[in-house]
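Let's take a look at a protein model together. Have the sequence and the 3D view ready, and follow along as we go.

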Amino acid sequence: MRPAPPQSATSLATAPEDDARARTRKYFIVMTVRVTCFILMVSVTPYSWYTWIFGLGAAVLPYLAVVIANVSAAPTARKAEEPLRAVDAPPSAPAGEPGPTDGIIRIQETRPEEKP
C-alpha cells in the first residue's frame, strides 16, 4: 500500500487580506494607465487620431478597473484537502478469553446469596 501524500498548505484558499491587496493593486495599476491616457490626451499636440485613442482609454478604463478589481480569486481557488490519517490503527486482537499474562486486572463482584 502506498503512503498517503502529506497535507499541502498550498491547497488552502487565498487569505481575504491577500485577495483584497491583489485586487487593490490591479485597480491602482489600471487607474494609473487611465490618468496617463488623460494627460497624454490633453498634452500631446498636434491633435490627431491618437488623441481619440487616449480619450477612449480615459473614458473606458474606470469601468474596466472596477470590473477587473472586483474579480475575486475565490472561484478559481482550490478546495482545501481533507486531512488523511497519518497513523493506521494497530490490528485488534481477536475477542476471546483473556489470558493470565495479558496485564489486565479484572474485578468481578458477585451478588450475595440470599439466606433462607
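A salt bridge here is a side-chain nitrogen of Lys or Arg within 4 Å of a carboxyl oxygen of Asp or Glu. Before we use that, a bit of background: this is a predicted model, where local features need pLDDT of at least 70 and side-chain atom pairs count only at pLDDT 80 or more, while totals for chains, interfaces and linings use all residues. Residues are numbered from 1 along each chain as its sequence is written, and side-chain values use heavy atoms, with hydrogens and water left out.

**Salt bridges**

How many salt bridges does a search of the whole structure find? The search turns up two. Here they are:

| Pair | N to O distance |
|---|---|
| R21 and D18 | 3.0 Å |
| D19 and R23 | 3.6 Å |

Both pairs sit in helix α1. Helices are DSSP runs of H or I with at least four residues, numbered from the N terminus. R21 and D18 are three residues apart in α1, so about one helical turn separates them. D19 and R23 are four residues apart in that helix, and again the separation is about one helical turn.

How open are these side chains to the outside? We call a residue buried under 20% relative accessible area, exposed over 50%, and partly exposed in between (1.4 Å probe, protein chains only). R21 is partly exposed at 47%, and D18 is partly exposed at 39%. In the other pair, R23 is partly exposed at 25%, but D19 counts as buried because its relative accessibility is 13%.

Helix α1 covers residues 16–43, which makes 28 residues. The expected span of a helix is 1.5 Å times one less than its number of residues.

Which residues of α1 are buried? They are D19, V30, M31 and C37. These buried residues pack against α2, residues 49–70; contact means heavy atoms within 4.5 Å.

**A58, seen from α2**

Now hop over to helix α2, where you'll find A58. With 7% relative accessibility, A58 counts as buried. Leaving out residues up to four places away in sequence, A58 touches R34, C37 and F38. Take C37 from that group: A58 and C37 are 21 residues apart along the chain, yet their C-alpha atoms are separated by 5.5 Å. C37 is also one of the buried residues of α1.

Terms used. Helices (H or I, at least four residues) and strands (E, at least two) are DSSP runs, numbered from the N terminus.
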